[in-house]
Structures are given as structure tokens and as C-alpha cells.
Amino acid sequence: MVKPNKQGNNKPRVKIKFLNLLLVLLGADLILLFAPGVGILNSVFYIGEIIGWSSLIIGILLLGFGFKGLYQKR
């Protein structure tokens, strides 16, 4: 005999916005590559401090905007 589904235990599904996910990934890549002193490209090549700090700030802003609306209830 088949048991019916309980109506009270259904959790709302979460939808992830694709554009916000891309913003989070782009921001994280910018931080990992260009962070002054510890970035991957800064350890291999000489990248100026202006480019390093500006890309770090842009990466943090992209992370903030990406996480802001990443998850939505269905």
C-alpha cells in the first residue's frame, strides 16, 4: 500500500540566479588572481599596485552584488 505525501513537510525550493552566480565567480577570480602581494598573477608577474588594488575592490563589489540576490524562493 502506498503512503500519501505529508503536506506539512514540504520545504520551499530555492532558485539560484545564473547571472548572480557568474558575478560571484568573476569577483572571486579577480581577488584570487590580482590581490596585492598574495595573488597568483602577482606572484608570477609584476603587476602594478594600481591594477592590483583596483581589481581587488572591483572583485569585492562583484561578490557583494552577486551574493545579494543569489538565492530566491520558488
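Reader: In which part of the chain is V38 found?
Author: This is a predicted model, in which local features need pLDDT of at least 70 and side-chain atom pairs count only at pLDDT 80 or more, while totals for chains, interfaces and linings use all residues. Residues are numbered from 1 along each chain as its sequence is written, and side-chain values use heavy atoms, with hydrogens and water left out. Helices (DSSP H or I, at least four residues) and strands (E, at least two) are runs numbered from the N terminus. On that numbering, with α2 covering 40-44, V38 is found in the loop between α1 and α2.

Reader: Is V38 buried or exposed?
Author: Buried means under 20% relative accessible area and exposed over 50%, with partly exposed in between (1.4 Å probe, protein chains only). The relative accessibility of V38 is 68%, so V38 counts as exposed.

Reader: How far apart are the C-alpha atoms of V38 and L56?
Author: L56 is one of the buried residues of α3, whereas V38 belongs to the loop between α1 and α2. The two residues are 18 residues apart along the chain, and the separation of their C-alpha atoms is 11 Å.

Reader: What distance separates K11 and D29 in space, C-alpha to C-alpha?
Author: K11 lies in the segment before β1, and its relative accessible area of 73% means that K11 is exposed. In sequence K11 and D29 are 18 residues apart, while in space their C-alpha atoms are separated by 33 Å.

Reader: Which exposed residues sit on the face of α3 turned away from its buried side?
Author: The buried residues of α3 are G52, S55, L56, G59, L62 and G66. They cover an arc of only 130 degrees around the axis, which puts them on the same side of α3, and what covers them includes α1. The face turned away from that side carries the exposed residues E49, I50, F65 and K68.

Reader: Which element supplies the largest share of the nonpolar patch?
Author: Patches are made of residues with over 30% relative accessible area and no salt bridge (a Lys or Arg side-chain nitrogen within 4 Å of an Asp or Glu carboxyl oxygen), joining like charges within 9 Å and nonpolar side chains (Val, Leu, Ile, Met, Phe, Trp, Tyr) within 5 Å. Here V14, I16, F18, L21, L22, L25 and Y71 make a nonpolar surface patch of about 720 Å², with areas from the Shrake-Rupley method. L21 lies in helix α1 and, at 35% relative accessibility, counts as partly exposed. Both β1 (14-16) and α1 (18-34) supply at least two patch residues, but the largest share, 4 residues, comes from α1.

How values were computed:
Accessible areas come from the Shrake-Rupley method with a 1.4 Å probe; for residues, only the protein chains shown count as cover. The arc is that of the directions from the helix axis to the C-beta atoms. Contact means heavy atoms within 4.5 Å.
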